[in-house]
Structure formats: structure tokens, C-alpha cells
Amino acid sequence: MGAEVPEHLLGDFHEYLLLPSNQTSNSICGKIYVIGGPEDRETLSVSVKLFDRSTDERLIPIVLGRNPVACNLHSAVPVNDDRILVLKSDSPSYDSLWFLEVDTPFVREQKKVLGTEVVAWSKVVIEGDDALKPIVISGPSGVGKGTLISKLMKEFPSTFGFSVSHTTRKPREKEKNGVHYHFTERSQMEKDIREGKFLESASVHGNLYGTSIEAVEAVTDSGKRCILDIDVQGARSVRSSSLDAIFIFICPPSFEELEKRLRARGTESEEQVQKRLRNARAELEQGKFPGLFDHLLVNDDLETCYTDLKKILSLDGTSDDTLELSAKGIRVPESHSVSARDQKVIIQCGGDEGLARTIYEVDVSSLVGGAPGRTRGPKYKCIS
Ligand SMILES: Nc1ncnc2c1ncn2[C@@H]1O[C@H](COP(=O)(O)OP(=O)(O)OP(=O)(O)O)[C@@H](O)[C@H]1O
Ligand SMILES: Nc1nc2c(ncn2[C@@H]2O[C@H](COP(=O)(O)O)[C@@H](O)[C@H]2O)c(=O)[nH]1
């Protein structure tokens with residue numbers, strides 16, 4: 001834990017030896033990754049430096065993903081030759097395990113694009129089943145996605161959280177900035193997209209819409225299950241991203257009924273209604289694309305469709321306060337040690353001076369997702 005960086009490897013990094021407790025050095029394929037340092041106090045996030053043994057170069061890599069909040073003490077262990085598992089001591093269990101990806105496909109791709117050394121953070125989510133998977137709801141404009149989501153959020157307020165998208169569309173009368181959307185200027189949104197802040201973005205009915213990584217993280221950090229209301233292009237992008245979600249497509253009972261609903265809502269100009277209806281035809285075709293959506297629901301009678309939605313989400317017969325969706329995890333005390341072998345990480349917690357000792361075995365053989373989002377898939381068991 002807090003292993004000191006060998007002095008001969010540090011050179012200019014020597015000063016960090018003064019604070020070994022929040023710093024570790026980790027060697028993967030001839031490169032040493034120095035995680036943490038005194039500057040963490042200023043930036044409030046965990047820093048990364050790199051020493052390349054083959055060239056004797058010391059580098060500050062570009063760090064992608066959302067950085068973990070700085071902590072006083074961490075330990076780290078290389079895993080699978082492409083990432084480092086970082087254990088933050090005395091952090092909440094949902095925030096204690098992170099991966100610093102150093103040679104995953106995402107990082108390799110980013111190295112090519114950016115032409116420099118890149119590493120990327122990804123928070124580890126340990127969970128037993130699909131209970132915390134985000135839900136992507138898609139379908140043509142006016143089909144009732146928003147209505148169904150509102151019903152779900154009203155009945156299960158502490159279970160679900162809405163991913164607030166960004167859009168360049170102007171707000172409707174009752175829409176609030178930061179609640180329904182983050183209303184933004186096109187130039188700003190284009191810049192944010194270029195800077196990799198979005199999980200997905202698309203031009204929809206003439207405006208830009210997008211899901212920021214931050215929007216999804218904010219919901220997940222609050223311990224809730226994230227719901228995304230996005231168009232089919234967005235669903236396709238999320239499907240090929242690192243976010244492991246459940247995809248649901250909502251169909252209208254007929255095209256005529258869709259038109260009726262869109263007009264009755266009275267929020268769009270005639271020109272917009274026409275544009276949305278034109279796009280709806282294409283979206284209804286794309287909704288049937290094999291492998292894109294996990295479930296298809298027809299929103300004819302609202303209550304029937306809502307009941308079907310709850311069945312898909314295994315919510316029928318439950319209430320908000322009987323649902324236990326909080327992420328599982330390991331609370332790592334200051335006194336601990338960690339080692340890794342054959343895709344198994346052993347974490348020994350406590351055991352000092354007569355204190356109780358708990359040993360966890362974390363299986364990292366099947367990881368899902370990863371930077372710039374979260375890594376799911378690790379499973380743990382208590383072995384002592
Ligand atoms: N099953 C239903 N039967 C009749 N009207 C419905 C039904 N479901 C929703 N509506 C109504 O249809 C209109 C469109 O619904 P809603 O705004 O939820 O659609 P949406 O899919 O979220 O649209 P957009 O993608 O444009 O945001 C609303 O006025 C809503 O009250
Ligand atoms: N790809 C994305 N599509 C989004 C996002 N947020 C909303 N949407 C979709 O846009 C249309 C129109 O929405 P409206 O609020 O203007 O009626 C609708 O199909 C939404 O699902 C997003 O972040 N990404």
C-alpha cells in the first residue's frame with residue numbers, strides 16, 4: 001500500500017517521495033505509472049505521471065475519463081497487462097475501486113488519435129445483476145417516451161434518475177434549464193463534443209442533442225438507475241459505446257395516431273411537425289434493426305404500455321421503498337494490502353493489532369465497458 005517509487009526512477013519526480021502515502025508506482029510493459037502526488041491536494045483529483053524505461057523519458061500523459069477525487073491513501077496493482085486497479089482507502093464503497101487504463105483498446109485508439117501518451121480513468125462498478133444498468137428509451141417524436149419516463153420517475157423517485165441531455169433547441173414554455181435539458185449554444189456544444197465530453201450526440205430534427213458523460217455519471221453517483229431519452233442515432237452510438245445498458249424502443253399504434261399526438265401536444269410549429277413526422281418514418285424502420293433494441297413496446301393504451309415497461313424492468317408488484325438498487329462494493333480501510341494473480345485480485349482488509357481481518361477475492365476476468373465510462377463486470381466474494 002502506498003508503495004514508494006524507487007528513487008533512481010524518479011528524477012524530477014523525487015519530491016513526490018516526500019508524500020509516499022498517496023502515491024504508488026506501477027510497472028506495466030516497461031512503463032512505470034506514478035499515480036498520485038502532492039499536487040492532488042490542489043487539483044483535488046488523482047494525478048498520473050509516466051516513466052518509460054526503454055527511452056528513459058519522463059512524461060505527463062493526457063488523462064481521459066473522469067478522474068477520481070483525490071484521497072489521502074491509495075494502493076494499486078496492475079491487472080491484465082492493460083490497466084491498474086486503484087483502491088482508495090476510506091472512500092464510500094461505490095467510489096473505492098478505479099481502473100487506470102494504460103493499454104486497453106480505447107487507450108490505444110486515443111494514443112493514435114492524439115499522437116501522445118494517453119491513460120484513462122474508469123470507475124469500477126461491482127454489481128450482482130442487471131439491477132443498475134442504465135435504460136435507453138428511444139422512439140419517434142410524439143410516441144410518448146417522455147410521458148412513460150415521467151410516470152416511472154414519479155412512481156419510483158428514489159430508484160430512477162433522468163440523464164439530462166444537452167440540446168441547441170430553444171426551450172419550450174414550461175421547460176427548465178438543467179432539468180429538462182441543458183440548453184446550450186451550438187458553438188459551445190460542438191466544442192464540448194470535440195473535447196470528448198459526450199457519450200453520444202446527434203443532429204435530430206435540425207438541432208444538436210447529446211448525452212454528456214457527466215449527465216450519466218451524476219445519476220449513477222446519486223445511487224440511482226439512469227434513464228436516457230434519446231433518438232435512434234443516439235441509441236446506436238450508445239450501443240457501440242462502453243455503456244452497458246438496456247435498450248427499449250417505443251412504437252406508436254399507427255402513424256396517424258403519432259401525428260395526432262404530436263399535433264395535440266402543441267409544442268411544435270407546423271414546419272417542425274412535418275419534419276418530425278418525416279424523420280419518424282425512418283426511425284420506425286431503424287427501430288426494427290436486429291440487435292439494436294432489446295425490447296419493443298407499442299404505446300397504444302398508456303396504462304398497458306406502462307405496465308409492460310415495468311414488467312421489462314422487473315418492477316411489477318414492487319414499490320419504490322422495497323427496491324434495493326444500491327451498488328455493491330468494498331470499503332477499503334487504511335490498513336489493507338492488495339495483490340493480483342491469474343485475473344484474481346486479493347484484497348486483505350484490516351487484521352492489524354487484533355482487528356478483524358476480511359479477505360476479498362475480486363474476479364476481473366470478464367470486464368464490460370470501460371473508459372471513458374465505467375467498468376462493470378468484476379465480481380467479488382469474501383474468502384475469509
Ligand atoms: N398512450 C397514449 N395515448 C394517448 N396520448 C399519449 C399516449 N402517450 C403519450 N401521449 C401524449 O402524446 C404526446 C406526446 O408524448 P411525449 O411528449 O411523451 O412524446 P415523446 O416521445 O417524449 O416526444 P419527443 O421525442 O418529441 O420528446 C403528449 O401530449 C402525451 O400526453
Ligand atoms: N441522440 C440524442 N437524442 C436525444 C437526446 N435528448 C433528446 N433526444 C431526442 O431528441 C428528440 C427530440 O426531442 P425534443 O425534446 O426536442 O422533442 C427525441 O426523439 C429525443 O429522444 C440526446 O441526448 N441524444
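**Ligand 2 and strand E15**

I began at Gly-210: its polar backbone atom is 3.1 Å from an oxygen atom of ligand 2. I count a polar contact as a pair of N or O atoms within 3.5 Å; within protein, one must be able to donate a hydrogen and the other to accept it, and residues adjacent in sequence count only if both atoms are side-chain atoms. The elements that give two or more residues to the ligand 2 shell are E14 and E15. Strands (E, at least two residues) and helices (H or I, at least four) are DSSP runs, numbered from the N terminus.

This is a predicted model: local features need pLDDT of at least 70, side-chain atom pairs count only at pLDDT 80 or more, and totals for chains, interfaces and linings use all residues. Residues are numbered from 1 along each chain as written, chains are lettered from A and ligands numbered from 1 in written order, and side-chain values use heavy atoms, without hydrogens and water.

A polar side-chain atom of Glu-200 lies 2.6 Å from a nitrogen atom of the ligand. An N or O atom in the Arg-172 side chain is 2.8 Å from a ligand oxygen atom.

Next I looked at E15 pairing (DSSP finds at least two bridges). E14 (residues 198-204) runs antiparallel to E15, with 6 bridges. Ser-203 stands opposite Leu-208. E12 (residues 165-167) is also antiparallel to E15, with 2 bridges. There, His-166 has Gly-210 as its bridge partner.
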